[in-house]
Amino acid sequence: MTRSSQPYPVDIVLAPEWWHSTTGITFDEDFFYHPSRRIEVEQQMEKVLYNRWGNYGIGNRASELRPEIGAVHLAAGFLLSELLGCTVEYSAAHPPQVIPLGIDTLSLPVTSIFDHPRFKKFEKMADTLYDSFGYITGDINWGGVLNIALDLRGENIFLDAMDNPNMVDIFFSSLAKAIEDFTGYIYRRTGTTSISVNRTIDAVQSKILLHSECTHTMISEEFYRTHLMRFDQLWSRSRQPFGIHYCGNDPHRFADCFAKLPALDFLDVGWGGDIATLRKALPDTFLNIRLDPVSLVHRSPTEIESIVTDLAAQAGDPWLCGFCCINIDDSMPDENIAAIFRSAAELRDQHTSML
């Protein structure tokens, strides 16, 4: 059982559109690969968060210059897809956009992700930061097996699974190997792999390997059991602690499957997920409940507090429950964001008072 460092940890991620319209920060290539900008802009973002919501513990690294190799305050997974052959488009006010490659065979279009020019650029940036600071920190959002398969092959992968299931399994295995190579490289250099997938894991166990399964809303439980579950089984044994990021609204469909994994330390629960069903199936898993930034725009702070309180009751153990709200745009009132933090703080105080 992997418990959090405090009851009900909570975090937010503001969308690139929010950052650009509010601060003028641009998300061009230099934001991701220029060493000095990596340091300066991450500190700038920390300061903005501290100035707005610092009383809730966010932005507490605002005074530090940190050699972060990846974007700390964005939800952006793109690099591994690019290293495997996809084109990535950068823009001022949006996250990097992966352009699906549309390969026509079930084989990887590259022989080694480490030979790609983009990896060389990334590695040079990381080396420069290391030379300056004597260490580097952070990691890179690396996606997941099916996520990347869809970037490379598109929805034809589902037809392939009917026509040539053995080749699909081989293809998925080659993607898993690329993931293992990439996350292994990052872990050796920084000691983490997945804080950039969801920062809440830093409050639970920073070494969690968090496998993104955003696209599992598109598949059946049988497809998962037949073609994909084996990777979660493998990594939950060999890469502990292990977690799954499921941002869709139906993670409860896979509750019984997830319960059969050797270990599941952390589950990102997409908005709309049935918390009670998941808790029943996964009594020892940390459930990180994702709040919906679109619907919360239209809620009052009081309503938000009620939503958080109700979800916390369904999740049970305060040390196995947290909250996040990802990709908040500039339509969200600051007081609604504050209500998320305040709700968790009040729950935390209630729990402490009962001890």
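Predicted model: local features only at pLDDT ≥ 70, side-chain atom pairs only at ≥ 80, totals over all residues.

Reader: How many aromatic pairs does the structure hold?
Author: The structure holds 23 aromatic pairs. In the one formed by W142 and W235, the ring centres are 6.4 Å apart and the planes stand at 90°, so this pair is edge-to-face. W142 sits in the loop between α5 and α6, while W235 belongs to helix α9, and the two are 93 residues apart.

Reader: And why is the pair of F266 and F286 called stacked?
Author: Their planes lie at 15°, with the ring centres 5.4 Å apart, so the pair counts as stacked. F266 is in strand β6 and F286 in strand β7, so parts that are 20 residues apart in sequence are tied together. Both F266 and F286 are buried.

Reader: Which residues do ring pairs link into a cluster?
Author: The cluster is made of F27, F31, F32, Y33, F78 and Y90, and R38 lies over the face of F31, at 5.0 Å from the ring centre.

Reader: Switching topic, what lines the largest pocket?
Author: That pocket, with about 770 Å³ of space, is lined by 36 residues, and D11, N60, R61, R199 and D202 lie nearest its centre. Helix α3 gives the most to this lining, with 5 residues.

Reader: What classes of residue are in that lining?
Author: The lining of the largest pocket has 11 nonpolar, 14 polar and 11 charged residues. For the second largest pocket, of about 580 Å³, the lining has 15 nonpolar, 11 polar and 2 charged residues.

Conventions
Residues numbered from 1 in each chain as written. Heavy atoms only, no water. Phe/Tyr/Trp six-rings, centres within 6.5 Å; stacked < 30°, edge-to-face > 60°. Helix = DSSP H or I, 4+ residues; strand = E, 2+ residues; numbered from the N terminus. Buried < 20%, exposed > 50% of the residue type's maximum accessible area, 1.4 Å probe, protein only. Lys NZ or Arg CZ within 6 Å of the ring centre and 35° of its normal. 1 Å grid on protein atoms, 1.4 Å probe; cavity = no way out; pocket = protein on both sides within 12 Å on 5 of 7 lines; lining within 4 Å. Points joined across faces, edges and corners; volume = space filled by probe spheres on them. Nonpolar A, V, L, I, M, F, W, Y, C, P; charged D, E, K, R; others polar.
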